[in-house]
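Open the model in your viewer and get the selection tool ready. We will walk through the aromatic side chains together, one stop at a time.

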Amino acid sequence: QAFEPSTTQTEPDETELQQWTFEPAKGNVIFASALYGWGFSVPSLSRSLFRQKILPIKPMLLKQYLFGDFKFKPDNSKVLKWKPDHSDEPMFAEFGLKALWELYEGIASASASSGVG
């Protein structure tokens, strides 16, 4: 008797799709550098930004906006939709990546001026 592959495929159910979908706001994505020893998730970043009083938005709400196309307006403490044609950065770039960029630029500059890099 010959083997015949099934022609029907079972579609994954909604629970399975949610389990295997990467969503930074859920905390199942980590931004990290093993070489330099740092790492964070969107939920941990939102808690840190709130605790340090950098943003006046509670972490449960902030994590929903932090990785999306949103910007924070400090003059009225509102989160607005970010548009790529503006000169400002989305919240994740401003509050999650900017400090890293500045740190790495400082290290590169110091290395270059001391003749190491």
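A residue counts as buried under 20% relative accessible area, as exposed over 50%, and as partly exposed in between. Keep that scale in mind for the stops below.

Start by colouring by confidence, since this is a predicted model. The protein chain has a mean pLDDT of 89, with 91% of its residues at 70 or more. Helix α1 (residues 14-19) has the lowest confidence, at a mean of 82, while helix α2 (residues 42-51) has the highest, at 97.

Now show the aromatic rings: the structure holds nine aromatic pairs. Select Trp-38 and Phe-40 for one of them. Their ring centres are 6.0 Å apart and their planes meet at 20°, so this pair is stacked; the cut-off for stacking is under 30 degrees. Phe-40, at 13%, counts as buried.

Next, select Phe-72 and Phe-95. Here the centres lie 6.5 Å apart and the planes are at 70°, so the pair is edge-to-face. Phe-72 sits in strand β3 (residues 70-73) and Phe-95 in helix α4 (residues 91-113), so this contact ties together parts 23 residues apart in sequence. Both Phe-72 and Phe-95 are buried.

Widen the view by selecting Phe-31, Trp-38, Phe-40, Phe-67 and Phe-92, which form one aromatic cluster.

For the last stop, which residue lies over the face of Phe-70? Select Lys-81: it lies over that ring face, 5.0 Å from the ring centre.

Methods. Residues numbered from 1 in each chain as written. Predicted model: local features only at pLDDT ≥ 70, side-chain atom pairs only at ≥ 80, totals over all residues. Heavy atoms only, no water. pLDDT = per-residue confidence, 0-100. Helix = DSSP H or I, 4+ residues; strand = E, 2+ residues; numbered from the N terminus. Phe/Tyr/Trp six-rings, centres within 6.5 Å; stacked < 30°, edge-to-face > 60°. Buried < 20%, exposed > 50% of the residue type's maximum accessible area, 1.4 Å probe, protein only. Lys NZ or Arg CZ within 6 Å of the ring centre and 35° of its normal.
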